[in-house]
Each structure stands twice: as structure tokens, then as C-alpha cells.
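Subject: Structure handover

Hello,

Here is the structure for you to look over. My notes on what turned up follow below it.

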Amino acid sequence: MKILIRGAGDLATGIASRLYGAGHKLLMTEIEVPLTVRRTVALSRAVYEGRAQVEEMLGILAEGRTEAEKIMAQGDIAVMVDEEAACREWFQPDVIVDAILAKKNLGTRIMDAPFVIAAGPGFTAGKDCNCVVETKRGHTLGNVIWKGSAIPNTGVPGNVAGYTIERLIRAAADGGLEPRVQIGDHVETGDIVALTGGVPVYAQMTGIVRGMLQAGVQVKKDLKIGDIDARAELSHCYTISDKARAIGGGVLEAVSGFEKMKDKFAIVVLAAGAGTRFGGNKLNAPVRNKPLYEHTLDRVQAFGAFPAFIVTGSEEIAGEAQKRGITPVWNRKPELGIARSLKLGLEETVKSRSGLKGILFSVCDQPGLDPATMQQIFRVSSLHPGSIVCAGSGGKTGNPVCWDASFFPELLALEGDEGGRQIMKKYRDKVRIVQADPEELKDIDRKEDL
């Protein structure tokens, strides 16, 4: 697949290593003056050196689209100076990985690509990305988080050989950096390792200089400009770290899972109900400053990899859905029951998309549903073929529901207002429940539910 990695520092390069080894096509973006301390193991070095070799990978600076495509076509990694990742417009990546490691989101959106992965704190799965990979050293390093966020930044670096903050070399003053030692040099506590703005910077511990910013770069006081490793293994200065490989492994796991789901699932939104119990058109009722139905359309947009359809009789809803790439399916007779909507959506989806493994059916009146819950439903469905996977709480089932393709014939045979519940009762052993907050599962049936 085509993968865009935002950032090309040492951890981003560890991510690239895993993805490159798995055969994916990679484009990496960087800022104009990279501030990568462990630059000997970072492809960001290509920005000011033209090219950077890290283990088996070669990163080459590309000035534009034509150069980038040529570099990738020959099996290397293109690196571009593109802080806003505007290249995604022409690259059209299958996956975006935000590996800037800024401890906050600098602009990545869940809709920027069919699948978006973020590394480290500052992101929430289901809100601004599809999943988050943990970057903090410890038992959960490299874990893929499908709901929630990574451990918040503590401001204290991870423990390496018994040292934390002592490992860091920080600028003593604003100004240009003048290194007094090189990466790989042995230093003692109290040695002058650099000048910043003409002010000496002293080593806080004994060990090997594992990282140091490039000479001449302008820095601010207290900026991290270097790193000392007490383990004193020279090879560590020139090889991808265990931490970077672990994070890369988490990203590769997420990418591989997405690759397995891509083009295999679809979404059908049921939005043709008559609103009898509500006493009118409930889908246009305002909820948190916008019509109820727009909450569902916003969620569906987070899953650009899956074709989406909406069964409706409303011109307004159909028009808004089309703007977002969601195909309307018309149901002018909602009084005939939900089974009619379900079958119309199923027939249209199967007709337009062959080879589907499953379809997720979602009702349009659940404003609190978390996109992360939908993501988990797709993931469980992919891992467990032949299942009926739904959101729920405890042992109670709810919406949405993802139906394996093996159940399509029985869904097409439904009549009236029963929906798929009777099929779920028949195949209880096939039902898998993705746990969700009860508030997510609430639907709007009556005006007092608003």
C-alpha cells in the first residue's frame, strides 16, 4: 500500500523500517530544518544531506511529485520538506502515519486518508485518527490503542540503564549550535559537549554520545540537542533502537489489519424511518447544534476505506450524504418496516461491490456512538469470519451490527419491522459483542430522548 509518514525522525524511521520491510511504498515529510537528535538513524538527515542511509533503507530528498514518484518507483523512500503534508492530495495514500511525536496533534484529521494512525500522546482513537500506538517506554510500548489515547506526556524521558533526565543534553542558551563532540564519542560527567549561543553545555553523566543535532542549527535555550547512553555500545549509535522497532511493530500490526479489511466491508445507514413515536421528522431535530442525522454522516466519513450507502426518503439527507461521498438509496415507503430499508441497502451494496465479507448496518439516530466502537466492530468482524458483530453493553446487544456475507440471504428474506434481531436470536453462538458505553447505544425515539 501507499503510506505517508508525517515526520522522518528516529522513531518515524523505526516505523518506516517495519513498513519498508513489509513491502509498502513510503513517502515521508519533514520540516525545513529537522531537529532530530539521533540523526545517524533518521531519514530526516536527507533534508540537509540529500540522502540518508539507515540500515537497509535509503531516503532521498525529493523536490516535487515527479522526483518523489521516481524515487519510490525504484524501491527507495522519498523524503519531502512539507510541514503540512500537502503532498497527500496527489499521493492519495491508503494510510497516513502521524509520527511527528510533538506530544500534540499538529493538524492530522481522521478523514485525511482511508486509515490514519497516530504515534504517541495528543491523539484520540476515533476522533482524530483510527488508532494510536503507544510510545512510552514500559510494558505497553508499541501497543495499538483502538479506543482512547496514549499515556500522557510526563516530561520525563524513559529510563535507560538507570538514567532518565541525565541522559539529555540541553541547550544552555539561544543561538547557533557548535558541537564539541561527535556521535559515538565517549564523554565524562562535566565535559563540555557543545556550545549554544557561545555558552558551554556540560554532560550530566558518563557514557557515549548517542545523538547530537547538526552543527550550525539555531536552537532555543533548554531545547534537547543531544543524548548520552550509559550502555556505551557504539553500535547503538548507528542502528534503530528497540523503542523505535517496538513502535514500528505496532504501526505494522495496525496497517496489516487495515489491509485485511480494505475493500472487504461496507457501511449501510438506515435513515428512512417515519418517526412515528417521535411525532415528526426526528432526523432533522437539532442535537448539539446540528441536525441529528449529521452526527451519523460525520462518523461514516471517518471510514473512507469502506463504501457507504444511506437508505432514506429525504432529499436533504440524500444531498448532504452525496457531498460526503455516501451513496443514497431511496426508500419512499418507510411505513412498510425496517426490513424494507435493510433489504434495499443490502441489494444496492452487493450490486455495486462484489467480494464483500460483511456489511455494517447503522441506524441514523444514535448521536453518541463513538467511531472507535465502529472501528472495533470492523476489526472483530475481520478477525472472526462468519460472525455477527454488534455494539452492546454487558450481554445486551445493540446497534450498529456487522453481518458476515453468509447471512445476506436470510437478511434478504426479512419482512416487516423486525429487522435482523430474529436472525441474531437464531444464531446466538455466532454473535460477538463489542462493549460500548451505554450512552453510545441510546437512540432517539421520542422528543424526551433529546
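**Strand pairing**

Strand 11 (residues 175–179) and strand 13 (residues 192–196) pair in the antiparallel sense over three bridges. The model is a predicted one: local features need pLDDT of at least 70, side-chain atom pairs count only at pLDDT 80 or more, and totals for chains, interfaces and linings use all residues. Residues are numbered from 1 along each chain as its sequence is written, and side-chain values use heavy atoms, with hydrogens and water left out.

Two terms first. Strands (E, at least two residues) and helices (H or I, at least four) are DSSP runs, numbered from the N terminus. Two strands count as paired if DSSP finds at least two bridges between them.

Within that pair, Glu178 stands opposite Leu195 in strand 13. The pair belongs to an open sheet of four strands, in the order 14-13-11-16, with antiparallel pairing. Strand 14 (199–202) and strand 16 (218–219) are the edge strands, and each pairs on one side only.

**Pocket and cavity**

Both terms come from a 1 Å grid over the protein atoms alone. A cavity is a set of points where a 1.4 Å probe fits but cannot get out. A pocket is an open set with protein on both sides within 12 Å along at least five of seven lines. Lining residues have an atom within 4 Å of a point. Grid points are joined across faces, edges and corners, and a volume is the space filled by probe spheres set on the points.

The largest pocket holds about 1600 Å³ of space. It is lined by 48 residues, and those closest to its centre are Leu11, Ile100, Leu101, Lys103 and Lys224. Helix 1 supplies the largest share, three residues. By class, the pocket lining divides into 19 nonpolar, 11 polar and 18 charged residues. Here nonpolar covers Ala, Val, Leu, Ile, Met, Phe, Trp, Tyr, Cys and Pro; charged covers Asp, Glu, Lys and Arg; the others, Gly among them, are polar.

There is one cavity of 30 Å³ or more. The largest cavity holds about 40 Å³ of space. Its lining consists of Pro114, Phe115, Asn130, Phe258, Met261, Phe303, Gly304, Ala305, Phe306 and Gln375. Seven of these lining residues are nonpolar, three are polar and none is charged.

**Salt bridges**

The structure holds 24 salt bridges, each a side-chain nitrogen of Lys or Arg within 4 Å of a carboxyl oxygen of Asp or Glu. For exposure, buried means under 20% relative accessible area, exposed over 50%, and partly exposed in between (1.4 Å probe, protein chains only).

Asp112 forms a salt bridge with Arg88, with 3.8 Å between the closest N and O atoms. This pair links distant parts of the chain, 24 residues apart: Asp112 is in the loop between strand 6 (95–98) and strand 7 (115–119), and Arg88 is in helix 4 (residues 88–91). Asp112 counts as buried because its relative accessibility is 12%. Arg88 counts as buried too, at 18%. Asp112 also forms a salt bridge with Arg109, the closest N and O atoms being 2.9 Å apart. Arg109 is partly exposed, at 45% relative accessibility.

Arg137 and Asp242 meet in another salt bridge, 3.7 Å from N to O. Here 105 residues separate the partners: Arg137 is in the loop between strand 8 (131–133) and strand 9 (144–145), and Asp242 is in helix 5 (residues 242–261). Arg137 is partly exposed, with a relative accessible area of 26%.

There is also a network of salt bridges, linking Lys290, Glu294, Asp298, Glu320, Lys323 and Arg324.

**Two residues to look up**

Where is Glu320 placed? Glu320 sits in helix 7 (residues 315–323). Glu320 is buried, with a relative accessible area of 19%. Leaving aside neighbours within four places in sequence, Glu320 is in contact (heavy atoms within 4.5 Å) with Tyr293 and Leu297. The C-alpha atoms of Glu320 and Leu297 are separated by 8.4 Å, and the two residues are 23 residues apart along the chain.

Ser149 lies in the loop between strand 9 and strand 10. Ser149 is partly exposed, with a relative accessible area of 39%. Not counting residues up to four places away in sequence, Ser149 touches Phe123 and Thr124.

Best wishes
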